[in-house]
Amino acid sequence: MAIRSVASRRTLSSLKESSSKLLGLRGIQTFTLPDLPYDYSALEPAISGEIMQIHHQKHHQTYVTNYNNALEQLDQAVNKGDASTVVKLHSAIKFNGGGHVNHSIFWKNLAPVNQGGGEPPKGALGGAIDTHFGSLEGLVKKMSAEGAALQGSGWVWLGLDKELKKLVVDTTANQDPLVTKGGSLVPLVGIDVWEHAYYLQYKNVRPDYLKNVWKVINWKYASEVYESECK
Amino acid sequence: YPLDALEPHMSKQTLEFHWGKHHRAYVDNLKKQVLGSELEGKPLEHIIQNTYNNGDLLPPFNNAAQAWNHEFFWESMKPGGGGKPSGELLALLERDFTSYEKFYDEFNAAAATQFGAGWAWLAYADNKLKVVKTPNAVNPLVLGSFPLLTIDVWEHAYYLDFQNRRPDYIKTFMNNLVSWEAVSSRLEAAKAASS
């Protein structure tokens, strides 16, 4: 009897979940925090478990929550024809939606060493990096320099310009996604240089974070994205 | 005040890094940047106004403005600070914000909603007090008003003590750290300068 009531409780709660998703479907699709494909401590010593946990559970979760709130407000404003509220919501959507988009990519850009983290890219992406930057070291040096020089908060990116068919290194401010720097830009690798990404471990020494983060960069994922975009 | 004087509200460790590393680096890097240029030897505020360049920032701006902002920030706090202001400052806050509580909420909101790195300010212009928030290194000097109070909301200002909990940091600053004496004397100076 106890087992039956547990089962019915779970069914009830999953009904509630899918009905709220249905309500969401009537207007908008809402978002949830993606799980990490590795433990919080798996990227040590390059990135501490403490940072990974707070970064994921607090910062990224907050972007997701606030993005969903902004989307619901947007939905209401759109339905009411309230144009000035729609426009007013754009910065909240850009901040929080951008934060969700960027961090979702970031978790895939990282991998523990025993899952290929730090292993140099081979195949098409490896060749393209050598062509455009001379070598992987050349790319790493450029991205680390631009990441270190970024004032305030933002990201440094390796991107593919689909139109020009070339790799680019660029930075974005705050949580602006790479696409805000060019509609044909596809992010391959993004490195978060907001202070929350490294402060507890590296304090003010952002260059040390940038030196070490390459040891856990997941080039396999970047290669997959590159190859699928090049088709 | 000594680096541990603001504990437990702002830790000694935070001051060691924030003042000892971040602020020091802005000063040292600015000195290197202006060496041999026409800005060398000029007052800090002159360099700030010059390099702001109407928002199209010249390279020394970040270091210069951040050097100024941080000195202003340290002086905006004191051990045993917080509480409510009094005298003319309180009267003007009540006049321009309806009540001290409304000012408190507006200052809090500005500090909490400055996205990314930046600062929140109480400033004085045209005989009025207002709350302003600025990104990165920008400060009210380049926006034409007199800064009276600031809180640093770059993550390095609060991350060791509060991690992601910026609202808790802001409340702690307002309740326990603000030096209303400093704000009042800056208000006097601002009024004198504008008359």
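UniProt, in an unreviewed entry, annotates residues 30–111 of chain A as "domain: Manganese/iron superoxide dismutase N-terminal"; UniProt positions are given in the numbering used here, feature names are shortened, and annotations may be inferred rather than shown by experiment.

This is a predicted model, in which local features need pLDDT of at least 70 and side-chain atom pairs count only at pLDDT 80 or more, while totals for chains, interfaces and linings use all residues. Residues are numbered from 1 along each chain as its sequence is written, chains are lettered from A and ligands numbered from 1 in the order in which they are written, and side-chain values use heavy atoms, with hydrogens and water left out.

The axes of helix α2 (residues 49–80) of chain A and helix α4 (residues 90–109) of chain A come within 8 Å and cross at roughly 140 degrees, where axes are lines fitted to C-alpha atoms, for helices over the stretch in contact, and angles run from 0 to 180 degrees between N-to-C directions. That angle makes α2(A) oblique to α4(A), since angles under 35 degrees count as roughly parallel, over 145 as roughly antiparallel, 65 to 115 as roughly perpendicular and the rest as oblique. The residues in this contact of α2(A) with α4(A) divide into 11 nonpolar, 11 polar and no charged; Ala, Val, Leu, Ile, Met, Phe, Trp, Tyr, Cys and Pro count as nonpolar, Asp, Glu, Lys and Arg as charged, and the others, Gly among them, as polar.

Helix α5 (residues 123–133) of chain A and helix α9 (residues 219–230) of chain A have axes that come within 8 Å and cross at roughly 90 degrees, and α5(A) and α9(A) are therefore roughly perpendicular to each other. Here A:A124, A:L125, A:A128 and A:I129 in α5(A) meet A:W219, A:A222, A:S223, A:Y226 and A:E227 in α9(A), contact meaning heavy atoms within 4.5 Å.

## A salt bridge across chain A

The structure holds 12 salt bridges over all chains, each being a side-chain nitrogen of Lys or Arg within 4 Å of a carboxyl oxygen of Asp or Glu. One of them joins the side chains of A:K94 and A:D176 (3.7 Å, N to O). A:K94 lies in helix α4 of chain A and A:D176 in the loop between β2 (166–173) and β3 (185–192) of chain A, so the pair ties together parts that are 82 residues apart in sequence.

## The domains of chain B

In chain B, an unreviewed UniProt entry gives the annotation "domain: Manganese/iron superoxide dismutase N-terminal" to residues 1–78, a span that is 62% helix and 0% strand. For "domain: Manganese/iron superoxide dismutase C-terminal", also from an unreviewed entry, UniProt lists residues 85–186 of chain B, which are 46% helix and 23% strand.

## Backbone details

Most residues other than glycine have a negative phi, and most peptide bonds are trans. The peptide bond from A:E44 to A:P45, however, is cis, with omega near 0 degrees, and A:P45 is found in the loop between α1 (2–27) and α2 of chain A. A:N174 has a phi near 50 degrees, a positive value in a residue other than glycine, and A:N174 is placed in the loop between β2 and β3 of chain A.

How values were computed: Helix = DSSP H or I, 4+ residues; strand = E, 2+ residues; numbered from the N terminus.
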